[in-house]
Amino acid sequence: MPIVSKTRRQTDYNLFPPSVPIVIDNGASYFRIGWAGETEPRVVFRNIVQRPRHKATGETVTIVGDQGPAMMKFFDCTRSGPRSAFDSNVVYQFEIMEYILDFAFDRLGASGSAIDHPILITECVGNPVYSRSKMAELLFETYGVPSVAFGVDAVFSYKYNQRHGKCQKDGIVICPGFTTTHTIPFVDGEPVYKGSCRTNIGGYHVTDYLKQLLSLKYPFHSSIFTWEKAEELKLEHCYIAPDYVSEARKFQEGTKEAEEKTRYWQLPWIPPPIEVPPSEEEIARKAAIREKQGQRLREMAEAKRSSKINEMENELHSLHFLVKQLDQVEEDDIPSFLSDTGSGVQARAGVYCLEGDTGASKSKGEPKDETDEFEENNDSNEKYPLINVRTICLRLSSENPEFYLEEMRAQYKEVLERVEQKKRLKTNGSNTNGNQKSGNVGRGERLSAAKRERMRLLTTAAFDRGKGEDTFGAKDEDWQLYKLMSKDHDEDDERPDSDEAELARLSSRLQEIDPTFELKAEGEPGQASGEAPRVRPLTEEDYKIVIGVEIQVVGGEANELDTDDRWVQPCPGLKERLECGIRMIRPCGSTINVVQAKDPVLDAWRGASAFAADLNFLGNAFTKKDYYEKGEEWLRRYQIGYNTL
Amino acid sequence: MEAELAEADIVVPMHLSFKKTQAYEKYPKGQSRGRWKHLKQILQADLDPSSFYINIESPPSTQPCKRICDVTGFEAPYVDPRTNLRYANAHVFKTLRSLSTHQVHHYLSIRNAAPLLK
């Protein structure tokens with residue numbers, strides 16, 4: 001269960017006299033602050049800082065802790081990611097530390113001109129004196145704190161548990177933290193730092209590992225696997241197996257136990273619409289629609305034909321008139337007259353007249369007959385070739401609208417295939433994965449191919465000028481190189497344009513006349529358009545904590561351990577795993593007692609709080625005067641005496 | 001400041017009464033890079049032999065390395081000669097061979113086994 005942040009501003013700051021110390025547990029993951037003597041810290045938050053810009057005003061603001069997206073939408077976070085003051089488990093960025101302390105004291109309700117309480121703050125084991133002194137300086141100078149004490153969080157937790165009887169005064173504490181894991185032996189209630197050991201693996205590394213594995217296994221959904229999501233998954237579902245290899249074998253064999261432990265995570269998915277075979281009435285309805293379409297086409301053709309017939313009738317009338325005129329005009333003048341009016345030989349005109357008559361009278365009749373008539377009687381095919389063309393056109397579109405449609409569809413398919421082929425060649429490059437990822441890789445490869453081409457041009461063409469000297473640019477022709485380069489780049493894209501234009505034309509025509517035609521979406525080749533992420537099958541959450549690096553247990557006689565795991569915290573199975581591991585190392589038959597801290601998360605703070613509440617606390621803390629007078633050497637050797645607890 | 005933002009009160013106020021010098025005075029804009037020493041530099045500067053931080057660090061484990069399959073997490077007795085990835089059985093091997101170079105490199109780098117020059 002994840003750790004919850006508490007950041008409400010406290011109102012009772014003024015009720016505490018200046019003798020009450022403030023206790024701070026400054027961890028790489030979470031920051032806890034509260035009053036000495038209490039059992040719960042007052043303010044808890046994630047130890048990170050963001051400095052985004054406010055979208056409306058443009059000023060840079062500071063936000064401490066983890067905030068949900070609801071609040072963050074007011075800010076422009078592109079230039080500022082969350083930053084931590086820690087490098088591994090040591091504080092090094094004191095500007096960020098200052099922001100954090102500002103926020104913490106503010107939430108604790110601090111007011112007045114300085115923080116007038118002694119402060120107990122936690123640090124890591126073996127904290128470098130540089131970090132320690134900078135922290136002390138920050139507290140004394142900026143916040144006006146009267147006295148400061150440093151302690152190790154794991155030790156506080158151990159002492160707290162010891163006080164409550166969970167462990168003895170001799171023992172070893174194992175503290176897996178956010179970025180590191182420590183083991184600290186205790187002798188007679190005091191920690192032996194010389195014997196302690198640190199491994200640089202912590203909860204952060206585990207979460208990161210999980211995140212990377214998931215991203216690799218499901219590259220299509222990689223955007224879902226954020227660090228926070230991986231952390232959530234880890235806290236909820238992961239466990240530590242007592243023996244990794246045998247556990248893995250169980251999963252490999254697919255035993256029932258393994259099945260129970262497997263967790264599935266289903267992503268939202270819309271199934272593609274199923275192709276139901278059309279029912280009777282569907283078919284009938286579609287047939288009716290098609291019939292109607294055919295009918296409409298026929299009517300359109302009819303209308304066109306009748307308008308054409310009207311035209312022809314008009315021509316007929318004019319020709320009649322011409323013929324009459326011819327009769328009236330003299331024989332000699334006929335050629336000239338005819339050439340004026342632009343019609344053919346008189347005889348031909350006459351023949352045409354007859355046919356025109358018959359044609360006009362039969363215009364309302366069967367379309368076939370009319371065209372036949374024209375064909376039979378017409379010697380003037382050559383002279384009036386357009387007539388035939390018109391009739392053929394008319395015939396096709398009026399008789400067989402469906403046939404026309406089929407032809408169009410076939411053409412469309414052809415052109416579409418050609419275009420898609422070209423696209424596929426472009427994007428697929430040499431990668432023949434067939435995965436969805438290939439699209440991305442292909443595009444990247446294509447880009448780099450073009451880029452490579454440009455580089456090649458630049459280097460070769462520009463190079464072979466002058467013997468060893470770079471005289472590129474001396475001649476005007478040299479600059480044509482750039483034209484060449486950019487042209488190369490463009491040519492690539494312009495070639496399929498003709499095909500695409502054809503495609504566009506065909507598809508628009510088809511859309512007009514075909515009721516069942518659907519425009520093929522310009523999606524990635526190989527994917528149905530508009531499909532949401534598909535079913536996400538299993539994510540097996542069988543986890544091993546790969547603390548494959550064995551934790552070294554130093555200082556062998558103590559064989560009692562107390563585990564205070566804060567970040568790996570509710571991981572079930574840690575205790576058993578430790579027991580197994582230690583049993584392997586220790587001589588056979590020795591007693592092993594592994595104990596888990598009462599509350600792995602808060603015990604450190606509680607221990608610190610109890611320590612600070614003790615009357616002798618001030619003896620352990622150092623004041624500003626001490627800090628400046630005694631110097632760095634003293635600060636290096638400074639340790640608090642834990643046995644007062 | 002929008003109404004709900006002000007109510008949520010998540011922004012650190014610019015001026016705090018209990019501070020002697022405010023943050024914006026101390027850290028003028030545009031100077032944050034390169035101001036603070038990283039841990040490595042801190043440790044290098046700290047040459048005193050009694051300094052604990054470096055001494056405490058544990059040496060690498062003397063136990064032999066557990067051979068775990070890179071893709072599935074099972075026990076992996078075999079190694080692919082071409083990519084140097086570990087795999088558990090023939091089925092996994094098939095998927096291994098279909099991975100892109102980028103993925104292979106990623107798997108290896110998780111294990112700290114990625115070659116330095118691609």
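1. In this note, a residue is called buried under 20% relative accessible area, exposed over 50%, and partly exposed in between, with a 1.4 Å probe and protein chains only. By that scale A:Glu633, at 41% relative accessibility, is partly exposed.

2. The structure is a predicted model, in which local features need pLDDT of at least 70, side-chain atom pairs count only at pLDDT 80 or more, and totals for chains, interfaces and linings use all residues. Residues are numbered from 1 along each chain as its sequence is written, chains are lettered from A and ligands numbered from 1 in the order in which they are written, and side-chain values use heavy atoms, with hydrogens and water left out.

3. Chain A contains an open sheet of three strands, ordered E6-E4-E8, with antiparallel pairing. Strands E6 (63-64) and E8 (83-84) of chain A each have a single partner strand and stand at the edges, so one side of each has no neighbour in the sheet. Strands (E, at least two residues) and helices (H or I, at least four) are DSSP runs numbered from the N terminus, and two strands pair if DSSP finds at least two bridges between them.

4. Strand E4 (residues 48-50) of chain A is joined to E6(A) by two bridges, and the two strands run antiparallel. Within this pairing, A:Val49 has A:Val64 in E6(A) as its bridge partner. In general, strands of a sheet pair through backbone hydrogen bonds, either parallel or antiparallel.

5. Over all chains, the structure holds 15 salt bridges; the term denotes a side-chain nitrogen of Lys or Arg within 4 Å of a carboxyl oxygen of Asp or Glu.

6. Helix H9 (residues 280-328) of chain A holds A:Glu282 and A:Lys286, which are four residues apart, about one helical turn. These two residues form a salt bridge, with the closest N and O atoms 4.0 Å apart. A:Glu282 is partly exposed at 28%, and A:Lys286 is partly exposed at 40%.

7. A:Glu302 and A:Arg305 also lie in helix H9 of chain A, three residues apart. Their salt bridge has its closest N and O atoms 3.3 Å apart. A:Arg305 is buried, at 7% relative accessibility, whereas A:Glu302 is partly exposed at 44%.

8. A:Arg637 and A:Glu633 meet in a salt bridge of 4.0 Å, N to O. Both belong to helix H21 (residues 624-637) of chain A, four residues apart. A:Arg637 is exposed, with a relative accessible area of 59%. Elsewhere, A:Asp12, A:Glu38 and A:Arg42 are joined into one network by salt bridges that share partners.
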